[in-house]
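The following note concerns the interfaces within and between the chains of the structure shown below.

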Amino acid sequence: MAVKKEAHHKYRVVGTRPIRPDGIEKVTGRALYGADYYFPGMLFGKILRSPYAHARIKSIKFDKALKLPGVRAIVTADDLPEADRKPQQMGEQQVSPYYLSCNVLARGKVLYDGHPVAAVAATSPHIAEEALRLIEVDYEPLEPVMTADEAMKPGAPILIDDLRNQEEGPDQPTNVATHLQFKRGDLAAGFDAADCVIEREFRTATVHQGYIEPHASVGIWNPDGHATVYTCTQGSFTVRTLATKVLGMPEGNLKVVPSEIGGGFGGKTTIYCEPIALLLAKKTGHPVKVTMSRSEVLRATGPTSGIHERVKIGVTKEGRITAAQVWMAYEAGAFPGSPMAPGAMTVITSYDIPNLLIDGYDVVVNRPKTCAYRAPGATAAAFGVETVLDELAEQIGIDPLDLRIMNGAHEGTQQPFGPVFKRIGFIETCEALKASEHYNSKLTGANRGRGVAAGFWFNAGFQSSASVYVNQDGTASVVTGSVDIGGSRASMAMIAAEVLGLPIDEVRPVVADTDSIGYTDVTAGSRVTFATGMAVYNAAQDVVRQLKERAAKMWECTPDDVEFDNGVLRTRGDVLQPQQLTLKELAARFIRTGGPVVGRASVSTGGAGAGPAFAAICVDVEVDPDTGKVQILRVTIAQDVGTAIHPSYVEGQLQGGTAQGIGWALNEEYVYDSKGVLRNTGLLDYRMPTCLDLPAIETILVEVPNPTHPLGVRGVGEVSIVPPPAAIANAIYRATGVRMRELPMSPPRLMKALQEHRNSREGQAAAGR
Amino acid sequence: MKNIQVRVNGHPVAREIPDHRLLVDFLRYDLGLTGTKEGCSVGVCGACTVLLNGQPVSSCLALAVMADGGEVTTIEGLAEGDRLHPLQQAFIDYGGFQCGVCTPGQIMASKALLDANPHPTPAQIKEWMMGNLCRCTGYYKIIEAIQAAAAEKTEP
């Protein structure tokens, strides 16, 4: 794989490719994931779920179920306190504890197929399942509202009785939770100045993150009100905040122990099983494990929004974008909180455009409450804009990458929502792709086409804590609160090893529970190597400061007279008698120089995220004209990755995101029937890419260091998912002459479009005769 | 209930189990071998792949009684003492996983492949491994790891 500018001569460990410290556990089956915990006396919890998309709960009777031998407890929303309705900042998200609680266990109404209604704890999972069948729920079915379009129509059935928005006012029940708008310049004048204006409409489907590990949690409740939950999550502190709010207990009374996590991609940044396992544990006095099946995961955990999008862009014949207008409605699922805002903040931010209007709507529908999914909101939004740009480039006859480069955002460009970009690498990324062997190769053969597209994601920052302990033998432990979802233990160890001058295998990275490290936000937003990495860097520097103090004491000088380089402490030769001590030698003397050395740091990056990230992708496809199946022949992704701490794992992020983007583009979608019941609740019908669907994804790492990080780290995890759907649509157009404006571009949908295209061509030919 | 006798990772095991006990539950719940993962429960994702009498099976679809008198190999039985199997080493060396939850299944499926065909072409590897989903890697590094193990390459 190509790596551009990958020579970090100034670093010893950063930029190398050591094997990961948790590798052995993961190839031997020793690593414990959420469902792998067993405790003495443990009971098994199962969840009763709504068969209706929209219904009022008239009554729940569970006497019969309680009488089944082996059943120990049953809980419903009545066992939860009525939570606060006012939205609160919880970790990285604005959440209404009330809505969160209603999503954990339905209160009064069910709002989607699969909505939890009750939960049972029993001595075996089979008994618990049998007990579910004995619970009698009396529902009054209501008309389901499945799309944003339906939900926004006047007179549409209302999902949440007290939902209001500012525009419609306090007296108007609505399904629209929020309308967000960004404006700049004079839109009409901008379009007037254009030589070519194109306006199109797009739709994307609800898609799931598709992590291979279903959610699982074990709750343990002590009689003194202290509790522990073992759970697979991207954010142990987030679980602590959210679960204690829902359960109405003090935050400090809950310890969250993060298990190894079998994928998340944003989907494990909220709570589902955790409060239920804890509630059942409280009621039974036993540890209770709740494990979801795949169908529960698909029906009732947060996928990402399907959207409806309208895009209008104008360009001059030279290729300068003069104005752009984007309108988007995001399906939030059953409760407010789609990724509409980040969608609106990223949709056209890669470009420097004088006149803009962006409108976004967050709309509730009878689908599961959405959750974050890799660059939340950005992929669906970019689909429309990046397709229209392709059409415009064709219309005015310029290379589609040149159009992007010509209008590309750069240092100093103001983003539509206000902030001005610092040093970014969008133009460099597009140029790297344009210069690639792939883009310059010839694609031949019938039904084949090549497409390009670009994407933007701002990356998160937030808060992180880290401790670095130096052991008596001179090795070190690095403790953080960041769950390791894809190799961050390696990057944390590498950063500490770099600062301390230790070999990488003498630094042991540890992921701690919420009682054992300072507050740390979720593993999400591409933030861990950036923000937690910064905390580790600072904690290691704190160690260095203390080492210098110790040496100064021994050498009877001041710490300023001591230098630390590559694991060796020295007196500054210009001032003093030369003295020298290695970290290892000093560590052996900790006991006599003031005790163990503990480095600590915490960071809050405030508004500054992990540095804006950009990706551009080139895709070759072949379309089977008889079936509508699209085969991906070749893919190359270029991405601005800042300093690549571990280049192999950075490549892995690019490849993984691209693969998910390809699945989103071609096959994945939620299929609901007319009653709002999900019809594809398994991985047979929710079709994710297999190895046969993907070529080797080629990567180009463009290393533009991030000025806000001491090592130049930029978030790398997410943006790669953004460009594939549009790039594939553009490639399909080159292959077939058909513009696809709906996702997924699955065989039936593409077949229909191809047929319509043929019919219209035949019609035109007949008219011409 | 039924008494079954199975050799699991080379060791004889005798248990009384319900007739309907799935092989994955027998391994994870009865024997505590949680290295085998359950991802989809319908035999599509491959996370629960184990070897039954040398053949790869989805243990979420197989009944434990089917293993009676037979031999089961799981991810826990692959290393010899503290020596990793070449496939295990290759998955680490080549970064053949990110989250690692599909890895036991990937390794067991690829072991069955190399047992049947020690020198597969990349196309043969893909054909064989299409029943093992990975959501993190995009597969490239998995294929690379299997190729390396087949070629007995030790360094990337």
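This is a predicted model: local features need pLDDT of at least 70, side-chain atom pairs count only at pLDDT 80 or more; totals for chains, interfaces and linings use all residues.

Why is H2(B) largely enclosed by the rest of the structure?

1. Helix H2(B) is largely enclosed by the rest of the structure because six of its eight residues are buried. The buried positions are B:Leu87, B:Gln88, B:Ala90, B:Phe91, B:Ile92 and B:Asp93. Their cover includes H3 and H5 of chain B as well as helix H1 (23-28) of chain A. Just after H2(B), B:Gly95 has a positive phi of about 60 degrees.

2. The interface between the two chains draws 54 residues from chain A and 42 residues from chain B. About 3900 Å² is buried between chain B and chain A, with 63% of this on carbon and sulfur atoms. On the chain B side, the residues that lose the most area to chain A are B:Gln98, B:Arg135 and B:Tyr140, which together account for 20% of what that side buries.

3. Four salt bridges are counted between chain B and chain A. In the salt bridge of B:Lys37 with A:Asp36, the N to O distance is 2.4 Å. Between chain B and chain A there are also 20 residue pairs in polar contact, both residues of each being at pLDDT 80 or more. Five helices of chain B give two or more residues to the side that touches chain A, namely H1 (23-30), H2 (86-93), H3 (103-116), H4 (122-129) and H5 (140-150). The most is given by H2(B), with four residues. Sorted by class, the side of chain B that touches chain A comprises 22 nonpolar, ten polar and ten charged residues.

4. Chain A is assigned two domains: domain 1 (1-31 + 419-459 + 608-769) and domain 2 (463-604). Their C-alpha centres are 38 Å apart, and the contact involves 31 residues from domain 1 of chain A and 24 residues from domain 2 of chain A. The two domains of chain A bury about 2000 Å² between them, of which 65% is on carbon and sulfur atoms. In domain 1 of chain A, A:Arg12, A:Val13 and A:Pro21 lose the most area to domain 2 of chain A, together 27% of what that side buries.

5. Across this domain interface of chain A there is one salt bridge. A:Arg489 and A:Asp22 form a salt bridge whose closest N and O atoms are 3.2 Å apart. Eleven residue pairs are in polar contact across the interface of domain 1 and domain 2 of chain A. On the domain 1 side of chain A, the residues that touch domain 2 of chain A are 14 nonpolar, eleven polar and six charged.

6. Chain B is likewise assigned a domain 1 (2-77) and a domain 2 (86-154), with C-alpha centres 21 Å apart. Each of these domains of chain B gives 14 residues to the contact. The area buried between them is about 1000 Å², and carbon and sulfur atoms give 70% of it. B:Thr49, B:Leu51 and B:Ile75 lose the most area on the domain 1 side of chain B, together 43% of what that side buries.

7. Between the two domains of chain B, the count of salt bridges is zero, while three residue pairs are in polar contact. Strand S3 (residues 49-52) of chain B gives the most to the side of domain 1 of chain B that touches domain 2 of chain B, with three residues.

Methods:
Residues are numbered from 1 along each chain as its sequence is written. Chains are lettered from A and ligands numbered from 1 in the order in which they are written. Side-chain values use heavy atoms; hydrogens and water are left out. Domain bounds come from an automatic or database domain assignment. Contact means heavy atoms within 4.5 Å. Buried area is the accessible area (1.4 Å probe) that two parts lose on being put together, summed over both. A salt bridge is a side-chain nitrogen of Lys or Arg within 4 Å of a carboxyl oxygen of Asp or Glu. A polar contact is a pair of N or O atoms within 3.5 Å; within protein, one must be able to donate a hydrogen and the other to accept it, and residues adjacent in sequence count only if both atoms are side-chain atoms. Ala, Val, Leu, Ile, Met, Phe, Trp, Tyr, Cys and Pro count as nonpolar, Asp, Glu, Lys and Arg as charged, and the others, Gly among them, as polar. Buried means under 20% relative accessible area, exposed over 50%, partly exposed in between (1.4 Å probe, protein chains only).
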